[in-house]
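The following questions and answers examine how a protein chain is arranged. Please keep the sequence and the structure in view while reading.

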Amino acid sequence: MQGVRQRSTQWRVQTHGTAYRANSEPGIQRPERCVRVGFHSRNAARGTPEKKKNYFVELINPLVEQYAAAHTSPEDDLLLQINRETYASHAHATMLSGHVQGRALAMFSRMLCPKYVLEIGTFTGYSALCLAEGLQEDGELHTIELREEDTALSQNNFDKSIYKNKIHLHNGNALEIIPALQYNWDLVFIDADKVNYINYYEAVLPQLSESGLIIADNVLFHGQVLDNMLNKKNPAAIRAFNDHVAKDERVEQVLLTVRDGLLLIKKKKNA
Ligand SMILES: C[S@@+](CC[C@H](N)C(=O)[O-])C[C@H]1O[C@@H](n2cnc3c(N)ncnc32)[C@H](O)[C@@H]1O
């Protein structure tokens, strides 16, 4: 409990120059006007361009993250190995979906029992293997990765999996590859370059099956979506994407505050 108290006194939110100190009473509490974020770094967003660059928000109290992980089904051995190896050797390891989000993706896939799954942004293959868990017997998962090194790493991981014959890995630019894949997607996971999220969404929506689901990752972008004054290209692109979907009459959507934010999107009936 002591750890929780200490951390709660550090929590604060600064939006557009106004800082609110978090409630210092015991337990995880927050002031009325405070959104549920805390700065990862005390220097974050305090003005200078250098500090702005490091603006990073810890969205969920780490103790809550730990509690969620402890009460979520474990990863299988291969996923655990990919998770560990990626963190041990890859410079961009934090891009990996990870345990809790991976189990969420697997659960959505198991509930939908998709025949055709599309993933945009393979990285080391972790999320593709989670999404493959619900595939039908004759189902296919197509996953697209731009970087050759990550394509090779993920193929190596897929080769160790029971789903290897169902996974089709494409190396190249997703915007060029998607039009060549003529399938009715039952499940789409958008998790590549943020500036193209709207383009990916518009490219896959016409091919989404009636009961299909699009999941877009990082839609909170470390909390930077909250700061309209932060004119960085990735949070600006994610804000534009979230607004684009919210205004789109063809779909209904829900934004889940899992990890860095997952936006679930479904076509409306008769849309
Ligand atoms: C956030 S990572 C994906 C993480 C992975 N889905 C997971 O959860 O383990 C994004 C990946 O998209 C790839 N990428 C970036 N731009 C791309 C593009 N235009 N086409 C395909 N892949 C791209 C990056 O090289 C990177 O490996």
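Q: How many bridges join strand β8 to β9?
A: The model considered here is predicted. In it, strand β8 covers residues 185–190, and β9 covers residues 208–217. The two strands run parallel, and the number of bridges that join them is five.

Q: Which residue in β9 stands opposite phenylalanine 189?
A: Strands β8 and β9 are parallel and joined by bridges. Within β9, the residue opposite phenylalanine 189 is isoleucine 215.

Q: Which helix makes a β-α-β unit with β8 and β9?
A: The unit made by these two strands and their helix is right-handed. The helix spans residues 197–204, and its name is α9.

Q: Is the run of β9 next to strand β11 parallel or antiparallel?
A: Strand β11 comprises residues 262–267, and five bridges join β9 to it. Alanine 216 stands opposite leucine 263 in β11. The direction of the two strands is antiparallel.

Q: Why is strand β9 largely enclosed by the rest of the structure?
A: A residue counts as buried if 20 or more other C-beta atoms lie within 10 Å of its own. Strand β9 has 10 residues, and it is largely enclosed because the number of them that are buried is seven.

Q: Is glutamine 207 buried, exposed or partly exposed?
A: Glutamine 207 is found in the loop between α9 and β9. A buried residue needs 20 or more other C-beta atoms within 10 Å, and an exposed one has 12 or fewer. Glutamine 207 has 17, so its class is partly exposed.

Q: How far apart in space are glutamine 207 and tyrosine 183, C-alpha to C-alpha?
A: Leaving aside neighbours within four places in sequence, glutamine 207 is in contact with Tyr183, Asn184 and Trp185. Glutamine 207 and tyrosine 183 are 24 residues apart in sequence, while their separation in space is 6.7 Å.

Q: Which residues is valine 204 in contact with, leaving aside its neighbours within four places in sequence?
A: In soluble globular proteins, nonpolar side chains tend to be buried together. The contacts of valine 204 are Leu118, Ile178, Trp185, Val188 and Ile214.

Q: Which helix does the chain pass through from β5 to β6?
A: Strand β5, residues 116–120, pairs with β6 in the parallel sense over five bridges. Tyrosine 116 has glutamate 140 in β6 as its bridge partner. The crossover between the strands is right-handed and passes through residues 126–131, which form helix α6.

Q: What is the bridge partner of glutamate 145 in β7?
A: Strand β6, residues 140–145, is mostly covered, with five of its six residues buried. It pairs with β7, residues 167–171, in the parallel sense over five bridges. The partner of glutamate 145 in β7 is asparagine 171.

Q: How many residues of the shell around the ligand are charged?
A: Of the 17 residues around the ligand, Ser97, Gly121, Phe123, Ser127 and Ala174 come nearest. Helix α6 and strand β6 each supply at least two residues of the shell. The shell divides into eight nonpolar and four polar residues, and the number of charged ones is five.

Definitions and conventions. Residues numbered from 1 in each chain as written. Predicted model: local features only at pLDDT ≥ 70, side-chain atom pairs only at ≥ 80, totals over all residues. Helix = DSSP H or I, 4+ residues; strand = E, 2+ residues; numbered from the N terminus. Pairing = 2+ DSSP bridges. Right-handed = clockwise from strand over helix to strand, strands pointing away. Contact = placed C-beta atoms within 7 Å. Near = placed C-beta within 6 Å. Nonpolar A, V, L, I, M, F, W, Y, C, P; charged D, E, K, R; others polar.
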